[in-house]
There are 4 protein chains.
Amino acid sequence: MGSSIGRLFRVTTFGESHGGGLGAVVEGCPPGVTIDLNSIQLDLDRRRPGQGELVSQRAEADKVAVLSGLFEGKSLGSPIALLVRNHDADPSAYADMRDKFRPSHADYTTEAKYGVRNWQGGGRASARETVARVAAGAIAKQVLFQLCGVEIVGWVEQVGPVIADIDSQQVSLADVEANAVRCPDGLKAKQMEALIQRVRAAGDTVGGVIGVVARGVPPGLGDPVFDKLDADLAKAMLSIPAAKGFGSGLGFASATMQGSEHNDAFVPGASPGDIQTDTNRSGGIQGGISNGMPILASVAFKPVSTVFMEQRTVQSDGEATTIQPRGRHDPCVVPRAVPIVEAMMAMVLCDHLLRHRGQCGDRR
Amino acid sequence: MGSSIGRLFRVTTFGESHGGGLGAVVEGCPPGVTIDLNSIQLDLDRRRPGQGELVSQRAEADKVAVLSGLFEGKSLGSPIALLVRNHDADPSAYADMRDKFRPSHADYTTEAKYGVRNWQGGGRASARETVARVAAGAIAKQVLFQLCGVEIVGWVEQVGPVIADIDSQQVSLADVEANAVRCPDGLKAKQMEALIQRVRAAGDTVGGVIGVVARGVPPGLGDPVFDKLDADLAKAMLSIPAAKGFGSGLGFASATMQGSEHNDAFVPGASPGDIQTDTNRSGGIQGGISNGMPILASVAFKPVSTVFMEQRTVQSDGEATTIQPRGRHDPCVVPRAVPIVEAMMAMVLCDHLLRHRGQCGDRR
Amino acid sequence: MGSSIGRLFRVTTFGESHGGGLGAVVEGCPPGVTIDLNSIQLDLDRRRPGQGELVSQRAEADKVAVLSGLFEGKSLGSPIALLVRNHDADPSAYADMRDKFRPSHADYTTEAKYGVRNWQGGGRASARETVARVAAGAIAKQVLFQLCGVEIVGWVEQVGPVIADIDSQQVSLADVEANAVRCPDGLKAKQMEALIQRVRAAGDTVGGVIGVVARGVPPGLGDPVFDKLDADLAKAMLSIPAAKGFGSGLGFASATMQGSEHNDAFVPGASPGDIQTDTNRSGGIQGGISNGMPILASVAFKPVSTVFMEQRTVQSDGEATTIQPRGRHDPCVVPRAVPIVEAMMAMVLCDHLLRHRGQCGDRR
Amino acid sequence: MGSSIGRLFRVTTFGESHGGGLGAVVEGCPPGVTIDLNSIQLDLDRRRPGQGELVSQRAEADKVAVLSGLFEGKSLGSPIALLVRNHDADPSAYADMRDKFRPSHADYTTEAKYGVRNWQGGGRASARETVARVAAGAIAKQVLFQLCGVEIVGWVEQVGPVIADIDSQQVSLADVEANAVRCPDGLKAKQMEALIQRVRAAGDTVGGVIGVVARGVPPGLGDPVFDKLDADLAKAMLSIPAAKGFGSGLGFASATMQGSEHNDAFVPGASPGDIQTDTNRSGGIQGGISNGMPILASVAFKPVSTVFMEQRTVQSDGEATTIQPRGRHDPCVVPRAVPIVEAMMAMVLCDHLLRHRGQCGDRR
């Protein structure tokens, strides 16, 4: 279990980093939605390794094949199966991992859970699994846009201690793609890039934070108790490899505030009868339900665990030893993780959009 | 939907803040577990309003009745239904809310979603719903303890800008209950208490952070992709009213670190063949699966939205107006939220324990 | 697990035959639906024991209390909790069951599964659990009627070898309630009644078949693969205690037919562009999806296992013994099971109605 | 939705009859189970068209590729993705179906539900979808056999009015495969074959019934209320294309019986403390839970809807017309459906085996 997410718009992924390939089955897609394969490929290309010095050098074309669910360019309402083949897998780089557990990786926990493990790579825990998420998320984005004009943009907010200053109201995909770190604050982008090059040269890695906004989300998505919109977003984001923190709206910053500073006043909207908030500290969600303002969230990533230095660890038999990783890895995961964060946002919103109209109907 | 959580150990809650009462149905409880009703009541008492000046003055006895699922003190494996009646509801305090939306509350989003609303209180969005969670969580705690000796302790880590210093390895329930703010750092507890009294006097409220640890969790719980143990914890925690952020292990602090600082080295454990980590920056979870070390998490809460000052808002018809809340509310939610955070931790761990032995069997 | 059914309109039941009571939590009810409590009570009264000589003499008022989810007579969209207290439980009749397994009852399998059992009655396996289904089903009926005018009628089709002749197009609730066996074919009803009296006098029991129709179901409900509308109906019906068979449309009779006899020709409907079928051998479902014609199904029930004669069995320790049941039981379950069959039909249709508009929108 | 089945052992299928291929993703497979690909292929070959005059002449090699989830011949516990490519699709045979609805097929209901349809074949409603079920079921069979020695055998019980006489205790795969109709009663098999040839020559089709037994199922599988073992079997079986009826144990025959005839007496088993039943009219399930005796069920199939004669129907615009199907179709579906019925039995048992040990642990 654990390879599926969503209740009505449901994505199931499969595949290991070293095996036949990675794929996703998207169930519950509304019928009649025009699905542009180029848009899927575009997001896959943003996530793809080998884009430059800031990311892993594994060379994967990551071309997606659609096996089912589309007909004459439109969704049929049946499961859409997506497949990306593996090509440049290099199991030799992992020989050492057969009997040694890489620190802070999932090698040990996988062995502890299943008693068996494909040691030729990270298996299901590999970040390569996210190729399937990005493909599925690209479909969710198209559904959201065609059904209600939702637009999702993610960006790099922080790398190590370098924090950018972004206007989430205005930030666009073009701004994000303007540089290799995907940080729309040009000055900070340069500092981030320099930092990543520095840690890379040292064989080290560094963490970071991604911000994301969804604009045009109608009010009413999300459920009041366990399936709050931000609860489902939190789960979706923490399911991304290396994610360690989630904030809805102001996130942890709200803990330091007083109610009189944090509350968003309601004010009349543009058209008569419309309602909006003056500020958006709540990040577009109140009581777990969208209020029509932009949905804002942030996701913290730990530094990649594969550091190219000797580290203490143990063997499968419990004996102490050391390990010196080889292979191709990202010195900082956040630039490539931007489309993954967007994909998870899209899946959650799409699922809640369908759930909402299931229970409450199309009242707009 | 949205009122259920968990796949095998599944909790469904029902009830509004002003109505017949609150309850939970716990499905999938392992049979033959001794369930102590006093333990349930103890946790309900920790969550109960009216405990002192730091929390809401609503006077509810919150006595729990068990309607099914137990026989001669043991779980039958059938659904355990728990019911807590409402007594001290005061709808008159809410008369103003019939047509006005309280800022940063769920009044507007509930109306936007459902087109109908029980305006005599917060309905399902009321923090009173959490009484059912605490009762169900107290059952999960007993299952976890009896099946594998797991112990869960939560505490107040931060109130506004005041941050405590807690040793998560050692902290005990007695330490937490030693003062009214539930902060085991006595010095900081006093500062927190003073701060809460100050904002209360000003008719204002303040946010905070709760830390939580689960000790004795066996390795192997959690699934590698979407249902990572920390992903499900993130969802569970963000589903608590007023929660705005979640951290697994070091949380957002890990974003600023380098891999060489963050990695936890594996070292031989106490018994031959045992494996543990030297440090626990990962918070007991790697690749979404528990590694046998203590599970550590933190949850950020925004300041309560009910501030006793005049605020701008709009009426149902979209006209601008102002609102001046009345009623009984907590100046700071975190002291009472400690047992709620523990309850959510317990439910998630219990569900994953059953899921793990379902797929992988009882190998220990 | 196993106490919940439905994905969007989801019913969870709880309670044992001898305990605090029986109840249901209905999640996902569309908001704003007028819920008439008298209609719920009416169906409970149809299912109630003590209605005459044909059924069990247990005297339960079976008055339903609604604990949540309604406000000013309308559904809020939040969980609707329903509770029926137990009053006339008589555990003394079950003393013999503590150590002996009643033949063809669930005593042994419950013990084998859970290792613990409430021997003071049938526990969750008791037909008394269905009181919660009938209450929840009565809500589903009201949702279906108000959202799309669906009307559901069940009837006794067969008792032992006596088979009635019913026009499923025309049969009404009044026809069904015209006699105590709930068989709208008056002549056959008399024969059924005589048969039931005869087996009752002999301390024996007899099986039967219930037919059910849902009229006014829009085309498009159901999913093409595993969640076919008739697959979900089959599950719902086989979940009723003592149910052993299910037929969709002509059911097993279709196995003997040739395609040229079984196919339903499409013909133009009443309004231009409308489509219907000339005959309805498919029972309103083709490829698992409703076609707009009446949904027709049948459910076979075995004879009640409690026969008042000495029977061979074994004790918990495996030793051979005999048992002579006491207590109050139905000589034939089908008259009281009619509202249960209707309730299951209503829950399944209601769930699929919401699921359909979730994925495909409100196109009507 | 609707393309997934199972809660812990969960199978999701994808693909249309005319498209890139058919596939299944099997989630939740226990780790470390030896998966023999030849066994999967063997069942696919039993289901494959083109095996003789009794079945469809479509020539598909139906070779299965495993894309993920296995390593060195064993299951990893991760999703097992299975893919069977389409080769001999002949959309030209379906040109007439673009605008005309075939009687008793899913063309109209698919259009009514989704508003869009891949008219080049039956889409998801095609029996070709079952290739994915058979592949997934072959994995479930191996899990069941390795974890608890369960053996599953299906056979043709009835074709049209010809009913076989089978000893479900003894029947073996070899008996079933001894002739082309898969009926182990040799005399009746010849009559069935003659009947199928006759209806085929007439351009007609005929229905039938399949029986199935699972031997070696431990007591305790199944849940007492909605997820009764036979309720889940009923759903699984009714989800097979053309299935119209399901019987558990004696099925509809039990409706005509009296309790004294139907009850199965408990008797001491082979080893001290063991319990079994003297007869097995209950079909191995009491109160929805397995009792350790063989699980017995039957599934009724309607005659295939594609009859090669002119039939009345309507066009998409509602105008009356006629249709004369072409293409390659089975005159009788039951011989090829035997491995499908076995596959569905295997999936349901495997899921309940994992669910049982999840809640109740491995007590055997």
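Chain A of this predicted model has a secondary structure of eight helices and 18 strands, taken as DSSP runs numbered from the N terminus, with helices being H or I of at least four residues and strands E of at least two. Its radius of gyration is 21 Å, close to the 21 Å given by the globule rule for 364 residues, so chain A is as compact as a globular protein of that length. That radius is taken over C-alpha atoms, and the rule is 2.2 Å times the number of residues to the power 0.38. Along the principal axes, the C-alpha trace of chain A spans about 70 × 50 × 35 Å.

A word on conventions. Residues are numbered from 1 along each chain as its sequence is written, and chains are lettered from A in the order in which they are written. Local features need pLDDT of at least 70, side-chain atom pairs count only at pLDDT 80 or more, totals for chains use all residues, and side-chain values use heavy atoms, with hydrogens and water left out.

Of the 364 residues in chain A, 68% are buried, where buried means under 20% relative accessible area, exposed over 50% and partly exposed in between, with a 1.4 Å probe and protein chains only. In chain A, 70% of the contacts with a separation of 6 or more join residues 24 or more positions apart; a contact means heavy atoms within 4.5 Å.

I turn now to the aromatic residues. Over all chains there are 18 aromatic pairs, that is, rings of Phe, Tyr and Trp (its six-membered ring) with centres within 6.5 Å; planes under 30 degrees apart count as stacked, over 60 as edge-to-face and the rest as tilted. B:Phe101 and B:Tyr108 have ring centres 5.3 Å apart and planes at 65°, so this pair is edge-to-face. Both B:Phe101 and B:Tyr108 are buried.

C:Phe101 and D:Phe266 are also edge-to-face, at 6.2 Å centre to centre and 65° between the planes. This pair joins two chains, because C:Phe101 lies in the loop between strand S7 (80–85) and helix H2 (107–114) of chain C, and D:Phe266 in strand S12 (residues 266–268) of chain D. C:Phe101 is buried at 2% relative accessible area, and D:Phe266 is buried at 1%.

Finally, the backbone. Most residues other than glycine have a negative phi. B:Asp62, not a glycine, has a positive phi of about 55°. Is B:Asp62 buried or exposed? At 0% relative accessibility, B:Asp62 counts as buried.
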